[in-house]
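Have the viewer open as you read.

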Amino acid sequence: MYKNKLLFLSLTLLIIATSCKKQLNVGNPNSPTLVQDVTNESSLAQFAQGASYWDGFNNANAYNWLGSGYFSLNYSYSELLGDMVGSTDANESVNTVNIPLYTILDDGSHYPTSNNEAQSTLLRTINTRAETAAGYNVVYYQWCNMYILNGAMNVLLAEIPNIKTLTADEISTFEAWAYFWKGYAYSVIGSQYTAGLIVDTGSAVSATSTTNGNYQGRAAIITASNTWLNKAATVLGGLSASADYSTVIGQLVPAAFQGTPHGGAPTTTQWIHNINTLLARNILVNKLNPFVNQTLGGTIAKASIPVMASADWQNVQTLTASGIQTGDPVFTATSTATASLYGVKSGNITLMAAGPNGDLVFQPGLRLTQNYNAGDLRLSYDYTASASDTFYNDYFSTVYSLINAPNASHGDTVVYNYSDQTPGAYETFIAGSWEENTLMQAEADIMLGSSETGLGLIDAERVYQGAHVAATAGTGLTQTQAYNQLVRERRVALFGRGLSFWDSRRWGWTYDISNGGGSYGNQMLLYTSSGPVMYKNVTFDYNFMDYWDVPADELELNPPTGGTASVTTNPNY
């Protein structure tokens, strides 16, 4: 699939088109030009496919990388900061970025007795170009990939008018593709960084995207995401179910990613469903809904984002009602035996957490597994809990490891599989999923006073993943108890999809206890002078930076203009 020279051409040329200006020397001056190679619908589709999947989600776009793709490192940061996994590896700072400020053990004692270094101090210490080159600058990687993806789409939009043989429906399909991925890229930037750049100009002649130094706050970046996603939906809404659309979308989605359990080439309606799910996500993960110490409400001081209002919940409810439906294909990626987008053993956080713990980069943690309800087959089918596999790592010691194998059926359902290193077996969710959409809809229902409706959706999602646990609807749960079920289910159902940190942040858990945050009632296995002790009511004060500063690589090579330097660092840390 990726052996076609056009796919690699997009990477070679477009890597210079982005904000990652340190790579200006990357590229072969003898390579054919974009205009020479892309001359018809078929070659434009090949270019567009490579410009999205390869440029956006390959790991060769940065200095150093843990794993073998966008999802192995950037998704791992989310799972680390959401306290779903731990690591002892120093690569890309994965063993230090998630260290809490302190914990309070069951007996009320503090561990450690003196606070650890605040995460904000670590992030700013390693946010230098030298640390990027050394492979330790956490904030660099996601920024780099998303602006490469955005820049590639700018060049695609500039090239579309040059292909004079395209029909109107073919033009609209290519435009929708570019709009969608631009919206996706801005969504990631605006959900992770305190500021970003709006870069919307590209050249097909030079195969570059023109950046600027006008840094804008994260809210403006989310607005840009919504703008491009809505533009994609508008274009798709004007398309007929034509053969031209079907032909082009069938070429844009890689063949290896079609025909999988969840991947495929969507119809225009199904694609709009995917867009609505991302629009709902943009609202949900960028507003607070504090749920600290099993209590809805509360105030988080020094947060970068406001609290969800009733109108926000209503918007989420409306969008998810027209979001991803059962049977809709979604945007996924799988490994392949040759020329794969990512490695079969190292392309995703969950693939890297499968097998005996002593051999792994990441170990699934107790703050993940404590969220499964009694009898959940996803826990018993997907994890081992062997004493011989116990792994000690300070705050992140665990008795669980993921099983690297397909899951058997249970009755008439297949239990959801978190990790299978067989080529093509494991699907990575790039954008939204039916589970995410359903759980967002359930959350909106609960927060708008329809807890029974929300619980019914949670039960349906658990059935979908083969959990085989007792239903919660009709059991008389209060709104707070219903919300607790929602939280627990998001933690386990969406594990490995790059959402865990954003969830922990919006629930208030990642904020300093002194500011109203913290995570309560947790399990922690600690190896003490008397041997291992399993604590069951531990409080974590993470004190994590809620939105990252702009990477130093960007700021030094693309200095702020127009007095915008002040927005490039998070003022609350």
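What follows covers the overall fold, the nonpolar core, the pockets and the cavities.

## Ground rules

This is a predicted model, so to speak of local features we need pLDDT of at least 70, and side-chain atom pairs count only at pLDDT 80 or more, while totals for chains, interfaces and linings use all residues. Residues are numbered from 1 along each chain as its sequence is written, and side-chain values use heavy atoms, with hydrogens and water left out.

## Overall fold

The protein chain has 19 helices and 18 strands (DSSP runs numbered from the N terminus: H or I of at least four residues for helices, E of at least two for strands). Its radius of gyration is 23 Å, close to the 25 Å from the globule rule for 573 residues, so the chain is as compact as a globular protein of that length. That radius is taken over C-alpha atoms, and the rule is 2.2 Å times the number of residues to the power 0.38. Along the principal axes, the C-alpha atoms fill a box of roughly 70 × 55 × 45 Å.

Of the 573 residues, 61% count as buried (under 20% relative accessible area with a 1.4 Å probe, protein chains only; exposed is over 50%, partly exposed in between). Take the contacts (heavy atoms within 4.5 Å) with a separation of 6 or more: 74% of them join residues 24 or more positions apart.

## The nonpolar core

In soluble globular proteins, nonpolar side chains tend to be buried together. Here the largest nonpolar core has 158 residues, and among those touching the most other members are Phe-57, Trp-177, Phe-180 and Trp-271. A core of this kind is a set of buried Ala, Val, Leu, Ile, Met, Phe, Trp, Tyr and Cys residues joined through side-chain atoms within 4.5 Å. Beyond its neighbours within four places in sequence, Phe-180 contacts Leu-229, Ala-232, Trp-271, Ile-275, Leu-278, Phe-331 and Ala-431.

## Pockets

On a 1 Å grid over the protein atoms alone, a pocket is an open set of points with protein on both sides within 12 Å along at least five of seven lines, a cavity is a set where a 1.4 Å probe fits but cannot get out, and lining residues have an atom within 4 Å of a point. Points are joined across faces, edges and corners, and a volume is the space filled by probe spheres set on them.

The largest pocket has a volume of about 380 Å³. Its lining has 16 residues, with Pro-261, His-262, Val-414, Tyr-416 and Asn-417 nearest the centre. The second largest pocket comes in at about 260 Å³; of its 17 lining residues, Gln-294, Gln-370, Asn-371, Asn-484 and Tyr-520 lie nearest the centre. β8 (291-292), α17 (479-493) and β17 (519-528) are the elements that give two or more residues to that lining.

The largest holds about 130 Å³ of space, and Tyr-70, Tyr-75, Gln-142, Gly-498 and Trp-502 lie nearest its centre. α4 (70-81) gives the largest share of its lining, six residues.

The second largest cavity holds about 40 Å³, with a lining that includes Leu-81, Ser-504 and Tyr-542. Those three residues are also among the contacts of Thr-510, which sits in the loop between α18 (500-506) and β17. Thr-510 counts as buried because its relative accessibility is 1%.
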